[in-house]
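I opened the model to look up a few places in it. My entries follow in the order I made them.

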Amino acid sequence: MKTKFFIILSMLTFSFANAQQGEVDSEMNSAKGITFQNGDMFLEGSIKISTGGDNDFYGFSPKFGYLLNDKFAVGAKLNYSSNKEEATDIKTNVFGIGAFARYYFLELDKKRFKAFAEAGLGYGRNKIETPVNTDDSNSVTADITVGLNYFVTKNIAVTFTLANVLAYNSVAPENGPSSDTFNLNINLFENIFDQPQFGLLYRF
């Protein structure tokens, strides 16, 4: 009797495992041939945490996008980061809002892989705290980045932001002169994987 029971239990366990694996395989295969269309929306974001050593950094960057067609999306974004330098006890907090436009220009691997170029414009409020004073400033940023989405299911993709092609930053402190910086990455294809940033995208 016990032998029959264990045989039945083993068969049920094997069947359940096969069913679960089948569901996983089916979900993975659902990402093949995925295409965007007008009205699709997505939530995308990344979290970066770096502690230990000289700096403690925390960053959170969510985005909301709306597809106008199969290749072009527009949306809004938020950005928050906090950085503390242990040696100097200087803490920097940044909060920003902005908008972006994204163009998907390449599809590979049965359309799982979608490369894009993105232009963004943002406004930020910065606060720098030192042991002796606090400095507040406003900033305006503009950038062009290159990245990609790789869909692991029909709704979920891993996002890689590979490189900043162009970046502009204008900072206006409340107590001091403003400053502008402009960077153009002309060696994009030599260092595109130097410091990639990772995130997740959910399409609905």
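**Cavity.** I looked up the lining of the largest cavity and found D70, K71, Y104, F105, L106 and E107. On a 1 Å grid over the protein atoms alone, a cavity is a set of points where a 1.4 Å probe fits but cannot get out, and lining residues have an atom within 4 Å of a point. The volume of this largest cavity is about 30 Å³, and the structure holds one cavity of 30 Å³ or more. Grid points are joined across faces, edges and corners, and the volume is the space filled by probe spheres set on the points.

**Basis.** I note that this is a predicted model, in which local features need pLDDT of at least 70 and side-chain atom pairs count only at pLDDT 80 or more, while totals for chains, interfaces and linings use all residues. Residues are numbered from 1 along each chain as its sequence is written, and side-chain values use heavy atoms, with hydrogens and water left out.

**Salt bridges.** I found six salt bridges in the structure, each a side-chain nitrogen of Lys or Arg within 4 Å of a carboxyl oxygen of Asp or Glu. One of them joins the side chains of E44 and R102 at 2.6 Å, N to O. E44 sits in strand β1 (residues 41–50) and R102 in strand β4, so this pair ties together parts that are 58 residues apart in sequence. Strands are DSSP runs of E, at least two residues, numbered from the N terminus. Both E44 and R102 are buried, that is, under 20% relative accessible area, where exposed is over 50% and partly exposed lies in between (1.4 Å probe, protein chains only).

R102 also meets E118 in a salt bridge of 2.7 Å, N to O. This pair links distant parts of the chain, with E118 in strand β5 and R102 in strand β4, 16 residues apart. E118 is buried, as is R102. Salt bridges that share partners join E44, K63, R102 and E118 into one network.

I then checked K84, which forms a salt bridge with D89, with the closest N and O atoms 3.8 Å apart. K84 is partly exposed at 32% relative accessibility, and D89 is partly exposed at 41%.

**K77.** K77 lies in strand β3 (residues 72–85). Leaving out residues up to four places away in sequence, I list among its contacts P62, K63, F100, L121 and D143; contact means heavy atoms within 4.5 Å.

**N93.** I placed N93 in strand β4 (residues 90–108). N93 counts as buried because its relative accessible area is 16%. N93 and S82 are eleven residues apart in sequence, with 4.5 Å from C-alpha to C-alpha.

**N133.** I found N133 in the loop between β5 (113–129) and β6 (134–151). N133 is partly exposed, with a relative accessible area of 46%. Its side chain makes a polar contact of 2.7 Å with that of T130.

How values were computed. Helix = DSSP H or I, 4+ residues; strand = E, 2+ residues; numbered from the N terminus. Polar contact = N/O pair within 3.5 Å; in protein donor to acceptor, adjacent residues only side chain to side chain. 1 Å grid on protein atoms, 1.4 Å probe; cavity = no way out; pocket = protein on both sides within 12 Å on 5 of 7 lines; lining within 4 Å.
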